[in-house]
Every structure is written in structure tokens, then in C-alpha cells.
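This report examines selected features of a single protein model. Please consult the sequence and the structure shown below while reading.

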Amino acid sequence: MTHARRTARRITRLAAVGGLLCGSLLVTRAIANEPGTSAPPVPVGERLVAQLGAARTAGSWLGADGRTVVAVTDAGAAADVRRAGARAEVVRHSMRDLRSAAATLRAAPRVSGTAWSMDYGSNEVVVRADSTVSAGDWSRLAGVARTIGASVRMERTRGTFTTRVDGASPIFASGGRCSAGFDVTDGRDAFLLTAGHCGPVGTTWFARPGDATALGTTVSGTFPGNDFSLVRYDDGVPRAPSDVVAIGGGRGVRITGAADPVVGQRVFRSGSTTGLHSGRVTGLNATVNYPEGTVTGLVQTTVCAEPGDSGGPLFADGLALGLTSGGNGNCDAGGTTFFQPVAAAMTALGVRLTGTSGDDDAEAGAGSGQARPGGDVAPSAPPAGSEAGAPGGGGTGTGVGVGTGTNMGGATDTGDGTASGTGTGADTGPVAAISRVVSTRSVGPGLLVIGGSLIALVAARSMRSSRRGRGAW
């Protein structure tokens, strides 16, 4: 009997030790496989366009199936694209042709209320004119397009192209209200990145109207031409650097790096006026002739925006993509919105996102300490429950009273460019900070195995001590 008990105790101890090892392995794998911790995918489309050259290609985009498509001008280039695993589409006009058309349009007399961008899918430069463009200006611009040829398409659009001055997490100045974009740093000081048209250098910003203590001051930026600015946080402002952009209701999305968007990619924008909305990237290197001046190099999207959303964050897959610049339409009827690319802004300003490493190879290219600019990224539709609408409650975790937590509830794509949903909870504080690093749903099984194994070891030890007290050992 004594021998049987000893054998049982040995088996219990061995099983417990084995459980500890297995549980540790499960936890390690769960953390290693957490979404958002891996590097962005290899930019296949950008690499192929660079290798084949501007005379043989005309851009790349993500197809409806998420596969990279590369526009090419000859059969040889098409074969190279297919060998690389992408889909090739033979087109008439090369990237060189499209760039030449855009340059001709830029050289023509400026017409406020017009915009153009390269539509890779249709292989054209599409020129749009809003309701403020007169018949005479439209006729003159159409004449310029005719001299260029078939690579240009003219379209009339509703509404007006305006900057979206006024809110994600609102920041206030004497001249109005704008949105917090992303927290950034130069390695020494903390800054807020927002739109350049929100205010010139020297503008003082407040977290709330009537505050006696300033949030910060604009120390650098440019508009028109580009549309970005840098607000240095004042030393007396109590705040902690944040890598979360808020989407309303206490929910937020962790930002792990920066990248340039890809045509066809699904993207998300947060703003205090209109909340969280989604749409698709439809063009790159767009030019917009606002009433205040011309801005170039913008990202064109189907995401809606309204006055109050300027400077707010554009993001997808945990990557910062852009800052809300302007557009037309609204979030009832839809419209076109343009964004200043984040990577280009950070490179020009010499800053990187808060929470990213400043000594890797990516920072040298993008100034973000993360994804290389211009690269393809995976289709950006998030897993179910990872995005949620929050009308009037967008923002960024920038130390102005917004955004912690990652439980964003069940969102649905309504099909009109918006992400909607009510969410099931709002995690804040230490629990939210931990949940942004590891998912308890993934780590849970490993923790249960470890806990059970520890209980078994304690039980075996207790059995042994009990037998010793009775002289059995």
C-alpha cells in the first residue's frame, strides 16, 4: 500500500511539472502570436513598381480579394509581376504618362475648388471640380485636359472642397477648434501632430475652452503646400505619452507604427464631430486647390468627414496613416476626404510616434520607428469586434482627456463607408494597459494549465507532510 501511495505521488508530481512546462509554452506562444506585434508584410507592389520602373508600370493597389495588383504596360512586365505572386493588369498609360499629366495640370492657372489624383484602377488622372467652380473655369480646365489626352478624366462633384477646421479629441485656440492627431517625440520632448491649416506657428492650444493652462504651442508646420504641424506640450501639463487613438465611449486602438496607405486599403478615421468612420483609399499623391491654397501629396479616400474633424487620425491595422486635411460632402450623403500622410510629415519634422523604437532601420526611412513608407499593407478590415462607431466621441490618446482601453465591441461595416456598433465595454486603467499587450482570451488556457499544475504540486506536498506526521515516511 505504501509503495502504491509513493508511486501515485511521483506520478502526480511529474504530471504537475509537465503541466507547468506545457502551460508556460502556451502562454509564450499566445503572446508571440498576438495580432499587431508582427512587422508589416513585405511591400510587394511597391517593390515591383520600383524594380520595373515608371515607363513599364502605373502603380499598384489591393484588389477586392486582398491580393496585390500591379498595372504594367507590356507582357514582359506582366510576367515578372505574376512570377512575384501578384496579379498583373496591362494598361495603356504608364506612371511616367500619369505624372506628366499631373505636372501639366499643376502648371495651369490655379482654380480654387478643384482636385486631382491618379486613379490606378482606371489608369487615369481624375480631375474633380466642386460646385464653386464657374462654367468659364471649368471650360478652361477642360481645355487643358484635352491637350493632355486620354490619360485625364474630368468630373463634377457635389459640395465644396474645404479644410475641416474645428475635432478627434478637440483642441482649442482663439481661431477655432481642431483635432488631436498622434502623439510624437523627437527623443527629448513630447509633441502633438495635427493638421497645418489648424493654426500657424505660435498658436496656443487648450484642452477645453476657457482653460487657464495651455495644452501646448505650435512650434513648426506648413500649410499650404503640405498640411501638418507640431504642437509642443507645455511643461506644466500633467500627461502621459499615449500610443492609443480613441474612438469614443472609452474605447481605443493601439498604434504600433506608421506606414503609407495603399490604394484599395480599408482605413478608419476618428473625429469628435462625426465619430469613427471607415472607407477605402482611392488615390495617392492627390492635389487639392483649397480656397486657402494648394496642397499636394495627399491621400484620397471615401471616408466621410465634416468641419470639426481636421487633424484627426487616419489609421488601419494598428498603423498611423494620415491626418485629416479636408474634402467635400458629409457623413449623411458621403463624400471625398483627403489626408496628409503621417510618414512624410514625421520625416519632415524629425519626430517619431510615441512608444516606437527610435533606432531601427524603418525610422531612417519614415521617421516613425516602424513601417517603411510606401509599402503595401494587408487588407485593413479588422477582426469582428475590433472597431466600433462612436458618434461625437472620436479622438486620440494624446493627453487631452481621451482614450484608454481596447474593448471596442461588435462593429459592423454598414456598406456606406462607416463603421457602426455599440460596443460591450470600455476598459480603462491598468487592466486596459495589460490587455493592449496580450489577449487574456489567448493566454487563458496556458494560465489555467499552470494554475492546475501548481495546485497538484501543493496537494502532493501536503500528502507527503501528512504521511510524515503519522510516521509513514
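How many disulfides does a search of the whole structure find? The search returns two disulfides. The model discussed here is predicted.

**Disulfides**

The table sets out the two pairs.

| Pair | S to S distance | Torsion about the S-S bond |
|---|---|---|
| C178 and C198 | 1.9 Å | about -90° |
| C304 and C331 | 2.0 Å | about 95° |

Because its torsion is about -90°, the disulfide of C178 and C198 is left-handed. C178 belongs to strand 9 (residues 176-179), whereas C198 sits in the loop between strand 11 (190-194) and strand 12 (204-205), so the bond ties together parts that are 20 residues apart in sequence. Both C178 and C198 are buried.

For C304 and C331, the torsion of about 95° makes the disulfide right-handed. This pair links distant parts of the chain, 27 residues apart: C304 is in the loop between strand 20 (293-301) and strand 21 (313-316), and C331 is in the loop between strand 22 (319-327) and strand 23 (337-341). C304 and C331 are likewise buried. With the bonded cysteines numbered in sequence order, the pairing reads 1-2, 3-4.

**Strand 21 and its partners**

Within strand 21, P313 and F315 point one way while L314 and A316 point the other way, and all are buried. Strand 21 pairs with strand 18 (residues 266-271) in the antiparallel sense over two bridges, and F315 in strand 21 stands opposite F268. Strand 21 also runs antiparallel to strand 22, to which four bridges join it; there the bridge partner of F315 is A320. Strand 21 and strand 22 form a hairpin with two residues between them, and D317 in the turn has a positive phi of about 55°.

**Helix 4**

Helix 4 (residues 95-107) has 13 residues, which at 1.5 Å a residue should span 18 Å; the end C-alpha atoms are 18 Å apart, in agreement with that expectation. Which residues of helix 4 are buried? They are M95, L98, A101, A102 and L105. Seen down the helix axis, the buried residues of helix 4 fall within an arc of 125°, so they line one face of the helix. An α-helix has 3.6 residues a turn, so residues three or four places apart point the same way. The face of helix 4 turned away from the buried side carries the exposed residues R96 and A107. The buried residues of helix 4 pack against strand 1 (57-62), strand 4 (114-119), strand 5 (124-129), helix 5 (135-148) and strand 6 (152-156).

Conventions: Residues numbered from 1 in each chain as written. Predicted model: local features only at pLDDT ≥ 70, side-chain atom pairs only at ≥ 80, totals over all residues. Heavy atoms only, no water. Expected span 1.5 Å × (residues − 1). Buried < 20%, exposed > 50% of the residue type's maximum accessible area, 1.4 Å probe, protein only. Arc of directions from axis to C-beta. Contact = heavy atoms within 4.5 Å. Disulfide = S-S within 2.5 Å. Pairing = 2+ DSSP bridges.
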